[in-house]
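This report goes through one structure by topic, from backbone angles to helices, rings and charged pairs. The sequence and the coordinates come first.

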Amino acid sequence: MGNSIWLHDNFGKEIVESLSISNGATSVLFEVLALSGSDLAVTNREKEFIVWLNQWDQSIVGIGTVGFSISEMPWMKRDYNEAKRFLLSVIDSAINKHRWEDLNYTPNEEILLRILNHLRLLITNVQEEFRDESHYTEWSTTDELDEYPTIPNGFSRCSKHKILLSCHGCLLCNDGM
């Protein structure tokens, strides 16, 4: 079983082939993105993107259930270009092995770099018309029944790993690191 990330829904033939990755590689991908993204995120919108990514925690949502289209990310028209540049910088930072030494294992560099470069290609090719702000609205709206807000108040960080927490807590702690 594995996971997939694809460019967009309902826009005809894909410009870029979807990214299909194993469960183990999925965990590694999101961990290195959490490390680089949490360090690079300055604005609330940048932090929201990292929190959104950190919510794809297989130890919580389930092995093999991490699949989404790039168009489902929390894009907004008002800052689309800035958000895209930010995500590309997060991926570039991960490609440059930012904080890989903080992992309690050594990632398979060849596989991880191939995955990161493919993800970069997907983000590069997302176009503004693929964006659907209803995904952001649905994701960011707190329901009275929610025990934990989707976007934690104040963008808290894990005291051990210094990464942004999602409503599931720390992605790295949840994975036993």
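## Positive phi in a loop

Lys162 counts as partly exposed, at 46% relative accessibility; here buried means under 20% relative accessible area, exposed over 50%, and partly exposed in between, with a 1.4 Å probe and protein chains only. Lys162 sits in the loop between α6 and α7. Helices are DSSP runs of H or I with at least four residues, strands are runs of E with at least two, and both are numbered from the N terminus. The phi of Lys162 is positive, about 65°, although the residue is not a glycine. Most residues other than glycine have a negative phi.

Phe155 also has a positive phi, of about 50°, and is not a glycine. Its place is the loop between α6 (133–140) and α7 (171–174). At 14% relative accessibility, Phe155 is buried.

## Basis of the values

The model is predicted: local features need pLDDT of at least 70 and side-chain atom pairs count only at pLDDT 80 or more, whereas totals for chains, interfaces and linings use all residues. Residues are numbered from 1 along each chain as its sequence is written, and side-chain values use heavy atoms, with hydrogens and water left out.

## Helix α1 and the helix pairs

Helix α1 covers residues 23–40, which is 18 residues. From its first C-alpha to its last, α1 reaches 26 Å, close to the 26 Å expected at 1.5 Å a residue; the expected span is 1.5 Å times one less than the number of residues. Of the 18 residues in α1, 14 are buried, and the helix is mostly covered.

How do α1 and α2 pack? Their axes are 10 Å apart and the angle is about 165°. Axes are lines fitted to C-alpha atoms, for helices over the stretch in contact, and angles run from 0 to 180 degrees between N-to-C directions. The two helices α1 and α2 are therefore roughly antiparallel; angles under 35 degrees count as roughly parallel, over 145 as roughly antiparallel, 65 to 115 as roughly perpendicular, and the rest as oblique. The crossing of α1 and α2 is left-handed, a term for a near helix turned anticlockwise from the far one by less than a right angle, with right-handed used if clockwise.

For α2 and α4, the axes come within 10 Å and cross at roughly 55°. This pair, α2 and α4, is therefore oblique, and its crossing is right-handed.

## Aromatic rings

The count of aromatic pairs comes to six. Rings of Phe, Tyr and Trp (its six-membered ring) pair if their centres lie within 6.5 Å; planes under 30 degrees apart are stacked, over 60 edge-to-face, and the rest tilted. The rings of Trp52 and Phe68 have centres 4.9 Å apart and planes at 85°, so this pair is edge-to-face.

Trp52 belongs to helix α2 (residues 44–54) and Phe68 to strand β3 (residues 68–69), so the pair links distant parts of the chain, 16 residues apart. Trp52 and Phe68 are both buried. Ring pairs join Phe30, Trp52, Trp56 and Phe68 into a cluster.

## Salt bridges

How many salt bridges does a search of the whole structure find? There are six, each a side-chain nitrogen of Lys or Arg within 4 Å of a carboxyl oxygen of Asp or Glu. One of them joins Arg120 and Asp92, at 2.5 Å from N to O. Arg120 lies in helix α5 (residues 109–125) and Asp92 in helix α4 (residues 80–95), so the pair ties together parts 28 residues apart in sequence. Both ends are partly exposed: Arg120 at 27% relative accessibility and Asp92 at 26%.

Lys97 forms a salt bridge with Glu109, with the closest N and O atoms 2.9 Å apart. Lys97 is in the loop between α4 and α5 and Glu109 is in helix α5, so parts 12 residues apart in sequence are tied together. Lys97 is partly exposed at 34%, and Glu109 is partly exposed at 37%. Another salt bridge connects Asp102 and Arg99, at 2.6 Å from N to O. Asp102 is partly exposed at 35%, whereas Arg99 is buried at 13%. Asp39, Arg99 and Asp102 are linked in a network of salt bridges.
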